[in-house]
Amino acid sequence: MTTVTATLTPAPSAALPPPASPRGRGLAERLSPYAYIAPFFVLFGVFGLFPLLFTFYVALFDWNPIGDQVFIGTDNFTRMFADPRFWNAAGNTVSIWALSTVPQLLLALVLAHVLNHARLRFALFFRMSVLVPYITSVAATAVVFAQLFDRDYGLLNWLLGLVGIEPVDFVQSTWGSHVLIATMVTWRWFGYTTLLYLASLQSVPRSVFEAAAIDGAGPWQRFRHITVPSLRPVIIFTVVTSTIGGLQIFTEPLLTGSGLTCGAVRQCQTLTLFLYEQGFGQFEFGYGSAIGVALFVMVVAIAAINFVLSTRIKADR
């Protein structure tokens, strides 16, 4: 009898790719997060950083878009600081910003406190209604307010006439045009700021307000000692963003003054309007870029103030 013996050998397994070396796998893992966020930095570099650096570059030239570009150093900046039109535009910008920002933030603060009340009926309706001015076209807003502030047939002058005040030409006068533009800016942005404050107030436990009411605190005391301290970081944020927006105001004075000069004597011309007039109206791109650089420095200064205030608030808390 013959004995058959067999040796079992394992079947050949499917071919598998060789494992990646630890060095290669580690490099891919380290680079993958940068690949995810790379599109943002590419877009920022193309549409944000490059125009900024190119503006600095053009500001050093007598730049003719269809001719020669002559390097003149800091002459554009010297001319800018000696130009009374620049200081007039800077003064108008600061005046309109002050007239619009302070009422806007105060109104939003009070409205947020009221809309956060627990017993307010139709609270959702009112909370959504305050956002209507923000989504309204700026052109439509300008048309409506031009009618309200009209010298001959405006509602405001009619009300002033009832108390014996002579009609005011809001468009042609300096302070009148500033008040008109500031009112338009306030109308457009107070709802947006109100929602920011209201969202922050929603994070405050309602039991805090109820405990204060039980202890005898009135509405004003609750507003002063609970609402305002709770909103302090958001208030600083809105002050800074409103300031930056105020420095860049463009559309409202353009529509009010019906031109880049915003009136015969530039009574409401802002810095951005002056920049646009010099760059794209007079085709002095070098001088316009110098104005843009000055505006950029002002915005950076405001951002630095924001950083200092935020740091101090965190340290106090």
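Predicted model: local features only at pLDDT ≥ 70, side-chain atom pairs only at ≥ 80, totals over all residues.
How do the residues of the lining of the largest pocket divide into nonpolar, polar and charged? Residues are numbered from 1 along each chain as its sequence is written, and side-chain values use heavy atoms, with hydrogens and water left out.

The lining of the largest pocket comprises 10 nonpolar residues, 7 polar residues and no charged ones. In this division Ala, Val, Leu, Ile, Met, Phe, Trp, Tyr, Cys and Pro count as nonpolar, Asp, Glu, Lys and Arg as charged, and the others, Gly among them, as polar. A pocket is an open set of points on a 1 Å grid over the protein atoms alone, where a 1.4 Å probe fits, with protein on both sides within 12 Å along at least five of seven lines; lining residues have an atom within 4 Å of a point. The largest pocket holds about 420 Å³ of space, the volume being that filled by probe spheres set on the points, which are joined across faces, edges and corners. Among its 17 lining residues, Thr55, Leu275, Gly288, Ser289 and Gly292 are the closest to the centre. Two or more lining residues are given by each of helix 1 (22–58), helix 13 (271–281) and helix 14 (285–316); helices are DSSP runs (H or I, at least four residues) numbered from the N terminus. Helix 14 supplies the largest share, with 8 residues.

Helix 10 takes part in two helix contacts. The axes of helix 3 (residues 84–115) and helix 10 (residues 219–230) come within 11 Å and cross at roughly 105 degrees. Axes are lines fitted to C-alpha atoms over the stretch in contact, and angles run from 0 to 180 degrees between N-to-C directions. Helix 3 is therefore roughly perpendicular to helix 10; angles of 65 to 115 degrees count as roughly perpendicular, those under 35 as roughly parallel, those over 145 as roughly antiparallel and the rest as oblique. Leu109, Val110 and His113 of helix 3 meet Pro219, Arg222, Phe223, Thr227 and Val228 of helix 10, where contact means heavy atoms within 4.5 Å. This contact consists of 5 nonpolar, 2 polar and 1 charged residues.

The axes of helix 10 and helix 11 (residues 232–247) come within 4 Å and cross at roughly 60 degrees, which means that helix 10 is oblique to helix 11. Here Val228, Pro229 and Ser230 of helix 10 meet Arg232, Pro233 and Ile235 of helix 11.

The structure contains 1 disulfide, defined as a pair of cysteine sulfur atoms within 2.5 Å. Cys262 is joined to Cys268, with an S to S distance of 1.7 Å. The torsion about this S-S bond is about -90 degrees, so the disulfide is left-handed. Cys262 is also touched by Gly257, as is Gly263, residues up to four places away in sequence not being counted. Gly257 lies in helix 12 (residues 251–257).

Phe283 is located in the loop between helix 13 and helix 14. Its C-alpha atom is separated by 7.5 Å from that of Asn64, 219 residues apart along the chain.
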